[in-house]
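Biologist: I have this one open on my screen. Can you walk me through it?
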Amino acid sequence: MGTELVTSPPDEIDRNTGSMPATRVSTAGAFMMRLLLLVACAVLTTLALGGPLLSRAPDSIVGSFVVNLLLITMMVMALRVVRPTIHDSGRALALLGGLVAFQVALAFLAVRVRPASPELVPIAFAGVVISTLFDRRVSLLTVVLLAVLIASQPDYHSAAALPVMIASGASAALAVRSSLRRDQSYLWILIIAAVSGVAVTATGVAAGEPTWALLAGVIRAAATSVVSVISAMLFVPFAERLTGRETHLTLLEWGDLHHPLLQRLSLEAPGTYAHTIALANLADAACRAIGANALLARVGAYYHDIGKLSKPQYFAENQPRGHNPHDQLKPGTSASIIRSHVLAGVELASEVRLPAAIKAFISEHHGTSTIAYFMERARQPDGTVPNAAEFVYPGPIPQSAETAVVMLADGVEAIARTLADPTPERIREVIDRVVQQRLDQGQLREAPITMRQLSIVKREFARVLGGMYHARVEYPKTPTRNQPATV
Ligand SMILES: [Fe+2]
Ligand SMILES: [Fe+2]
C-alpha cells in the first residue's frame with residue numbers, strides 16, 4: 001500500500017478522544033490563545049491566593065507569578081504527553097484553563113469563609129467533570145497539579161493543604177468513570193467524602209487537634225464532596241456543548257434503538273435499518289480492536305444514513321426485487337438523489353439536535369468519493385462526464401478514526417450483502433478491495449489511523465462478516481440486477 005497515512009501510536013486513540021473535534025492548535029493565533037490562557041491563570045492565582053497585595057513586595061509578586069506560570073505550563077506539557085489530542089484541541093484546552101481559574105476562584109472564596117480549611121476547596125468538582133468528559137488519566141493529572149498549585153500559595157501554606165486536596169481531587173478523578181451511570185453519583189460522593197474525611201482526620205491527628213475539631217473537619221469535607229459532585233453533574237452538559245465532546249452517557253442515550261428517528265428508519269426504510277445495524281456491529285468490533293471509541297462508532301453508524309428517510313425507495317437496500325425507480329431517471333438526476341442523502345441527513349440531524357460528534361458520521365461516511373455507478377452511466381463516448389461535480393459526495397473526508405472505520409465498513413457491508421456465495425475468501429477480497437480503493441482515493445489521509453490499525457480493522461471486518469454469513473442458507477441463484485452497491 002503506497003498511501004501515507006497520519007500516524008499516531010494506538011494508545012493515543014483512547015476511548016474518549018475519538019469525538020474530539022478537529023480544532024487543532026497549530027496557527028500563531030492559537031498559540032497566542034494558549035499563551036494568554038497560561039498567563040491569565042498564573043496572574044489570577046498570584047493575585048487571588050498570594051495574600052493582601054499591598055503588603056507584598058513587588059519582587060515577591062513577580063517570583064510567585066513565575067512559579068505559578070511554571071506549574072501551569074508543566075500541566076499543559078504533561079497533557080501533551082498523556083493525551084495529545086486533548087492538548088491539540090483549542091476548545092478542550094480552554095475548558096481545562098477555565099476549570100483551573102474557577103478552582104482558584106473557589107479557593108479564594110473558601111479561605112475567606114474559613115482560613116486554613118483546605119477541605120472547603122471543592123477540587124473534586126474538577127475531578128468529576130474531567131473524568132466524565134475526558135478520562136481518568138487527564139483528570140488525575142489536572143487535579144494533582146491543581147492541588148500543588150493551590151497548596152503552594154501563601155493563603156494555603158498550612159502543611160495539611162496538599163494531602164487533603166490531593167485526596168479529595170484524586171479520589172474524584174479515580175472513582176468517576178465515564179461509563180458509569182448517573183444514578184451511581186451517590187457512590188462517587190461516598191468515596192470522595194470517605195477519602196477526604198480520612199485525609200482530614202489523619203492530618204488533624206498529626207497536628208494534635210481536639211476531637212470536636214476533627215469531627216467538624218470531616219463534616220466540612222463531606223459537605224464539600226456532596227456539593228462538588230452535584231454541581232459537577234449539572235455542569236457536564238454545558239461542558240459537553242463547549243468542547244463538542246460527547247460523554248459515554250450522552251452516547252448511550254442517542255444509541256437507544258427506541259429513539260423516534262431510529263424507529264422511523266426501521267419502519268420507513270427497513271433495508272437501510274438492517275444495513276445500519278450490520279454496519280454498527282462491524283464498526284464497533286473494529287474500533288474496539290484498535291482502541292478507538294467503539295460506542296461512538298456504533299451510535300454514529302446508527303445515524304449515518306438517516307438522510308435516506310426522505311427518499312428511501314431510491315436506495316438499493318429498500319427496493320423490492322424488480323422495481324428500481326432509477327430506471328426512469330437520467331444518471332445526473334439519480335446521482336443528485338443519492339448524493340442528497342448526506343445533505344438531508346445533516347439537515348435532519350440539526351433539526352433533532354444530534355450531537356456534533358454523531359453528526360460527523362453523516363457528512364464524513366462517504367467523504368468525497370464518487371457515485372461511480374451513475375458516473376459511468378453518464379460517461380460520454382469520448383470519455384468525458386458532463387457536470388462531473390454532481391457525481392461526487394460533498395464530504396468532508398473522515399477526520400477521526402471512528403468515522404474512517406464507518407466509511408470502510410459502509411462500503412464493505414453494502415457489497416458483502418450482495419455476494420451470492422459469501423465464502424471467507426470472497427469476503428476478504430471485498431474488504432481488501434474496498435480499503436485499497438478508499439486509500440487510493442485519499443479518503444483516509446486526514447484520519448488519525450495507522451496502517452497497522454487498518455490491518456486490524458480488516459481482520460475484524462472479516463471475523464464479524466464471517467460470523468454473519470456462515471450459517472446463511474444457499475438459495476438458488478437468481479439473476480441479479482446491476483445496481484449500485486454502495487450508496
Ligand atoms: Fe450513505
Ligand atoms: Fe450506509
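This is a predicted model: local features need pLDDT of at least 70, side-chain atom pairs count only at pLDDT 80 or more; totals for chains, interfaces and linings use all residues.

Biologist: Where is the pLDDT below 50?

Modeller: Residues 1–25 are one such stretch. Beyond near neighbours in sequence, that stretch has 70 contacts in the model. The pLDDT is also below 50 over residues 478–486. There the model has 14 contacts beyond near neighbours in sequence.

Biologist: OK, on to H2 and H6. At what angle do they pack?

Modeller: About 170°, with their axes 10 Å apart. H2 covers residues 58–82 and H6 covers residues 136–151.

Biologist: Roughly parallel or roughly antiparallel, then?

Modeller: Roughly antiparallel, because angles over 145 degrees count that way.

Biologist: Which residues make the contact?

Modeller: From H2, they are Asn68, Leu71, Ile72, Met74, Met75, Ala78, Leu79 and Val82. From H6, they are Arg137, Val138, Leu141, Thr142, Leu145, Val148 and Leu149.

Biologist: Switching to H13. How many of its residues are buried?

Modeller: 10 of the 10, so H13 is largely enclosed by the rest of the structure. The buried residues include Arg298, Tyr302 and Tyr303.

Biologist: What do they pack against?

Modeller: The buried residues of H13 pack against H10, H11 (260–268), H12 (270–290), H14, H15 and H17.

Biologist: Tell me about H14. What span should it have, and what are its ends doing?

Modeller: H14 has 21 residues, 331–351. At 1.5 Å a residue it should span 30 Å, and its end C-alpha atoms are 30 Å apart, which agrees.

Biologist: And where is the kink in H14 centred?

Modeller: On Ser340. The kink is about 30°.

Biologist: Which H14 residues are buried?

Modeller: Pro331, Ser334, Ala335, Ile337, Ile338, Arg339, His341, Val342, Gly345 and Ala349. The buried residues of H14 pack against H13 (294–303), H15 (356–364) and H16 (372–378).

Biologist: Let me pick Gly345 from that list. Why does Gly345 count as buried?

Modeller: Because Gly345 has 24 C-beta neighbours inside 10 Å, and 20 or more is the cut-off for buried.

Biologist: What does Gly345 contact, leaving aside neighbours within four places in sequence?

Modeller: Asp305, Ile306, Gly307 and Ile362. Take Asp305: Gly345 is 40 residues from Asp305 in sequence, and their C-alpha atoms are 6.7 Å apart.

Biologist: What follows H14?

Modeller: Arg353, with a positive phi near 55°. Arg353 is not a glycine. It is found in the loop between H14 and H15.

Biologist: Is Arg353 buried or exposed?

Modeller: Exposed, with 8 C-beta neighbours inside 10 Å.

Biologist: What about Ala116? What is its phi?

Modeller: Positive, about 55°, although Ala116 is not a glycine. Ala116 is found in the loop between H4 (90–113) and H5 (123–133). It is exposed, with 12 other C-beta atoms within 10 Å.

Biologist: New topic, cis peptides. Which residues does a cis peptide bond join?

Modeller: Gly395 and Pro396, with omega about 5°. Pro396 is in the loop between H16 and H17.

Biologist: And where does Ser400 lie?

Modeller: In the loop between H16 and H17 (401–416). Ser400 is buried, with 29 other C-beta atoms within 10 Å.

Biologist: How many residues separate Ser400 and Phe361 in sequence, and what about in space?

Modeller: They are 39 residues apart in sequence. In space they are 9.5 Å apart, C-alpha to C-alpha.

Biologist: Last one, Arg245. Where is it?

Modeller: In the loop between H9 (211–243) and H10 (248–254). Arg245 is buried, with 26 other C-beta atoms within 10 Å.

Biologist: How far apart are Arg245 and Ile358? What are the numbers?

Modeller: In sequence, 113 residues. In space, Arg245 and Ile358 are 9.9 Å apart, C-alpha to C-alpha.

Technical notes
Residues are numbered from 1 along each chain as its sequence is written. Chains are lettered from A and ligands numbered from 1 in the order in which they are written. Helices (H or I, at least four residues) and strands (E, at least two) are DSSP runs, numbered from the N terminus. The expected span of a helix is 1.5 Å times one less than its number of residues. The bend at a residue is the angle between axes fitted to the seven residues ending there and the seven starting there. Two residues are in contact if their C-beta atoms, placed from the backbone, lie within 7 Å. pLDDT is the predictor's confidence in each residue, from 0 to 100. Axes are lines fitted to C-alpha atoms, for helices over the stretch in contact, and angles run from 0 to 180 degrees between N-to-C directions. Angles under 35 degrees count as roughly parallel, over 145 as roughly antiparallel, 65 to 115 as roughly perpendicular and the rest as oblique.
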